[in-house]
Amino acid sequence: MAVEQPMQTAAGAPGDQTRIHNIGYRNYDGPRLGRSYATRSLYSQSLRGAYGLGRSIKSKVLPMLLFVVMCVPAAIMVAVTVATKLKDLPVEYTRYAVIMQAVISLFLASQAPQSVSRDLRFKTVPLYFSRPIETADYVRAKYAALASAMFVLTAAPLLVLYVGALLAKLDFADQTKGFAQGLVSVALLSLLFAGIGLVIASVTPRRGFGIAAVIAVMTISYGAVSTLQGIADAQNSSGAIPWIGLFSPITLVDGVQTAFLGAKSAFPGEVGPSSGQGVVYVLVVLGLIAASYGLLMRRYRKVGL
Amino acid sequence: MVRVTIVVDVTVIATESLSKRFPRVTALDRLSVDVGPGVTGLVGANGAGKSTLIKILLGLSPASEGRAEVLGLDVATKGAAIRERVGYMPEHDCLPPDVSATEFVVHMARMSGLPPTAARERTADTLRHVGLYEERYRPIGGYSTGMKQRVKLAQALVHDPQLVFLDEPTNGLDPVGRDEMLGLIRRIHTDFGISVLVTSHLLGELERTCDHVVIIDGGKLLRSSSTTDFTQTTTTLAIEVTDTDDHPDGTRAVREVLHARGVEVLDGSNGLPGAGHILLLTAQGEETYDLVRDVVADLGLGLVRMEQRRHHISEVFHADAEDRDVTKEAAVHGS
């Protein structure tokens with residue numbers, strides 16, 4: 001990943017003290033790299049910002065802690081697998097994110113507002129748009145940065161599992177296939193979650209509201225969906241279970257990977273969507289991602305200057 | 001580097017019957033004005049359309065009708081190219097409190113397209129030029145209003161634009177900070193070679209700083225002419241003298257003698273307490289200065305001060321407001 005070095009170093013170089021103070025104004029005749037460079041810079045700054053890099057120590061604590069919390073169970077599973085010479089990993093690659101969804105939601109809730117609410121709250125947005133960068137560039141950079149941060153968070157434990165599985169000399173082809181399916185799944189999850197999180201966060205300049213709203217949307221939707229699925233399961237109307245699953249982000253991802261990525265469904269009674277229903281799942285996921293992008297564009301066209 | 005020399009009669013900003021209408025208000029009403037290089041003041045009461053004009057000039061808000069060019073580029077089609085060449089300092093707060101001035105300005109430099117190394121160098125230079133030294137490594141949240149204004153100015157200058165828009169840069173500053181900011185604005189043109197469009201609702205502070213003043217009111221152009229036109233049509237002399245035993249009221253003695261010599265003398269106090277010792281007279285040329293010197297010397301008084309008082313733009317503004325139609329023609333002519 002193209003994470004760039006922190007930028008404070010050169011400005012504090014010892015040369016500063018020895019410099020004669022009143023050298024006149026110098027014009028800048030170097031290159032001006034334009035829009036796409038500025039967009040990439042904003043992307044890398046936002047991505048680093050999601051993990052607190054280039055920000056205060058305080059803002060590094062939570063994202064780093066959540067990252068560790070994400071990876072530790074994977075490391076433990078690997079240790080158990082290696083030590084007890086299991087035939088397979090205790091958890092499927094595709095299942096890991098579903099199990100850890102609370103941590104993922106917490107990361108999203110803390111970092112989506114950090115990424116966009118600050119610019120709104122301190123009215124920094126006009127400074128961006130008085131530069132070559134355009135609304136679409138800003139939205140794309142912010143969206144891509146948060147989705148990448150989510151991907152790093154969700155793919156890192158899968159990598160731990162995969163490396164561990166290979167160390168435990170499990171079947172290479174099997175593990176590689178599972179790992180690849182897991183990566184596709186968490187990539188989809190990252191895009192979906194980042195979109196939803198950013199849309200919610202971009203509505204409010206207050207970070208606290210943003211955090212609360214993201215957590216509420218994630219937990220309430222999942223809580224409602226799994227409760228209804230449980231009821232449907234108890235009443236033996238299991239045909240309704242996959243349709244109910246369309247209404248929360250994590251069950252959407254679960255449905256897609258059950259239908260197409262060889263995952264075992266986490267739904268009650270393991271009643272995952274059929275291939276036909278799976279197409280609906282994919283369409284809904286893609287629709288939500290597109291809608292998030294569209295809503296962000298609309299939002300930022302308004303807050304321009 | 002050879003910076004493209006701006007020929008004097010080239011216009012930096014040109015608008016042609018530029019209008020901006022919102023559902024309820026007309027922010028700009030057929031505004032036609034040409035602005036040359038140098039420091040130009042854009043004056044108007046709050047809500048006169050200054051900020052709207054800047055937004056249109058940055059290519060961020062389409063005009064309802066009419067057209068505008070900035071640095072020879074059409075705002076409707078070349079917005080991105082304009083924004084690469086100009087800087088913008090907003091009126092409101094726009095700084096995140098939890099990063100240092102250096103980090104923030106470096107980031108903004110990169111948003112303007114400067115490569116990482118150049119962004120750091122230009123940031124160090126620019127912050128020094130606006131007068132921020134060691135404090136630039138501390139979080140902005142702890143800065144005074146004056147320091148924040150300097151950071152805002154630095155982010156507008158960091159990419160070495162050809163033109164900067166400064167929206168109310170003296171807002172919220174105390175008199176000393178205001179003077180420093182105005183001096184800095186003057187230097188942006190004289191030392192840095194960057195043209196400036198600075199808005200203010202205070203007329204007085206612009207006369208010292210600007211080469212040219214554009215006054216708009218209710219979205220209409222009231223007047224556009226050079227500062228010297230505004231203020232140097234006549235020179236007023238202010239003099240203050242000491243009192244002696246022979247002349248317990250020196251001011252009055254001087255006034256009487258000057259009056260006898262046929263010079264019209266005004267009381268400079270304007271009814272303000274403590275200012276009664278200042279006399280104002282219109283200078284006709286060199287001989288007026290000599291006359292004052294001789295009169296004061298003959299009376300044996302001490303001359304505390306003799307200074308030129310320029311007319312304030314506000315006087316012009318009030319006169320203009322009274323007969324707007326006449327001056328509007330003059331304004332179009334003046335531009």
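1. From the N terminus on, the elements of chain A run α-α-α-α-α-α-α-α-α-α-α-α-α, which comes to 13 helices and zero strands, where helices (H or I, at least four residues) and strands (E, at least two) are DSSP runs numbered from the N terminus. The C-alpha trace of chain A spans about 80 × 45 × 30 Å along its principal axes.

2. This is a predicted model, in which local features need pLDDT of at least 70 and side-chain atom pairs count only at pLDDT 80 or more, whereas totals for chains, interfaces and linings use all residues. Residues are numbered from 1 along each chain as its sequence is written, and chains are lettered from A and ligands numbered from 1 in the order in which they are written.

3. Of the 305 residues of chain A, 45% count as buried (20 or more other C-beta atoms within 10 Å of the residue's own, with C-beta atoms placed from the backbone). Among contacts in chain A between residues at least 6 apart in sequence, 76% join residues at least 24 apart, a contact being a pair whose C-beta atoms, placed from the backbone, lie within 7 Å.

4. Chain B holds an open sheet of six strands in the order E6-E7-E8-E3-E9-E10, with mixed pairing; two strands pair if DSSP finds at least two bridges between them. Its edge strands, each pairing on one side only, are E6 (86-89) and E10 (220-226) of chain B, and the twist averages 15° from one strand to the next. Strands E7 (residues 163-167) and E8 (residues 195-200) of chain B run parallel and are joined by five bridges, with Thr199(B) in E8(B) as the bridge partner of Asp167(B).

5. Helix H1 (residues 50-57) of chain B packs on this sheet, touching E3, E7, E8 and E9 of chain B, and its direction makes about 150° with that of E7(B). Helix H6 (residues 175-190) of chain B also packs on the sheet, touching E3, E7 and E8 of chain B, at about 155° to the direction of E8(B); axes are lines fitted to C-alpha atoms, for helices over the stretch in contact, and angles run from 0 to 180 degrees between N-to-C directions.

6. The contact between the chains takes 41 residues from chain B and 37 residues from chain A. On the side of chain B that touches chain A, the largest share, eight residues, comes from H4(B). Helix H4 (residues 116-129) of chain B has 14 residues, and its buried residues include Arg120(B), Arg122(B) and His129(B). Just after H4(B), Gly131(B) takes a positive phi of about 90°.

Definitions and conventions: Contact = placed C-beta atoms within 7 Å. Expected span 1.5 Å × (residues − 1). Buried ≥ 20, exposed ≤ 12 C-beta atoms within 10 Å, placed from the backbone.
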